[in-house]
Amino acid sequence: MAKANIDISQLTLKEHLFYAYANLAMAHSAIDNKQTKFDKFNYSIRAKLYKGLLNGEMNVRTLFDDEKVKLSIGTKCNYCNSTEQLALDHILAQKLGGKDSGDNLVYACKTCNSSKGKKDLMEWMLFKGNEFLPLMVIRRYLKLVINYCVENHLMDLKISEIEMDKVPFKLLLIPVKFPSPDKLRLV
């Protein structure tokens, strides 16, 4: 998967989403260790997790972990950390087919909420100038996408087989590469 010449359209959703999730775990471990760049240890985490997810020996952690993080963050914008003019925002926009459920809701300030609007979270991240959102928000988003794909029996389909306008996320915008750890934040 790590080879640059891979035709992404021929990957299954499982391969693409699990690689994104494994890269997210790699970035998270580097931040936890206060690293400024990725090293062999981080790459080994990615490789082990990716392989384990693909062969079914490992699982994506539940949204329960993210609920604990959401509660610990408290009442501040999950995107920019503002505490002013907060509202609830759907991570997967309802207008794109995201569920109206607690798993899909986070606090967002009025500025972020209106700027994001009905855009996909990753589309909005690019719109904002490619500034990476906190990893915990991306992790929650990715878990919601994976859950959606599992529930709708999409994981074994090739990306080329997906009707992109029928899913509540922008599949091709899901990050599989992350900036160096010193340019990322967890929350």
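N113 counts as buried because its relative accessibility is 19%, where buried means under 20% relative accessible area, exposed over 50% and partly exposed in between, with a 1.4 Å probe and protein chains only. N113 belongs to helix α4 (residues 110-116), and, leaving aside residues up to four places away in sequence, N113 touches A87, L88, D89 and A108, contact meaning heavy atoms within 4.5 Å. Helices here are DSSP runs of H or I with at least four residues, numbered from the N terminus.

The model is predicted, so that local features need pLDDT of at least 70 and side-chain atom pairs count only at pLDDT 80 or more, while totals for chains, interfaces and linings use all residues. Residues are numbered from 1 along each chain as its sequence is written, and side-chain values use heavy atoms, with hydrogens and water left out.

Helix α6 (residues 135-151) has 17 residues and should span 24 Å at 1.5 Å a residue, which agrees with the 24 Å between its end C-alpha atoms; the expected span is 1.5 Å times one less than the number of residues. Because 13 of the 17 residues of α6 are buried, α6 is largely enclosed by the rest of the structure. Just after α6, H153 takes a positive phi of about 55°.

A search of the whole structure finds one cavity of 30 Å³ or more, and the largest cavity has a volume of about 90 Å³. A cavity is a set of points on a 1 Å grid over the protein atoms alone where a 1.4 Å probe fits but cannot get out, and lining residues have an atom within 4 Å of a point. α3 gives the most to this lining, with four residues.

Definitions and conventions
Helix = DSSP H or I, 4+ residues; strand = E, 2+ residues; numbered from the N terminus. 1 Å grid on protein atoms, 1.4 Å probe; cavity = no way out; pocket = protein on both sides within 12 Å on 5 of 7 lines; lining within 4 Å. Points joined across faces, edges and corners; volume = space filled by probe spheres on them.
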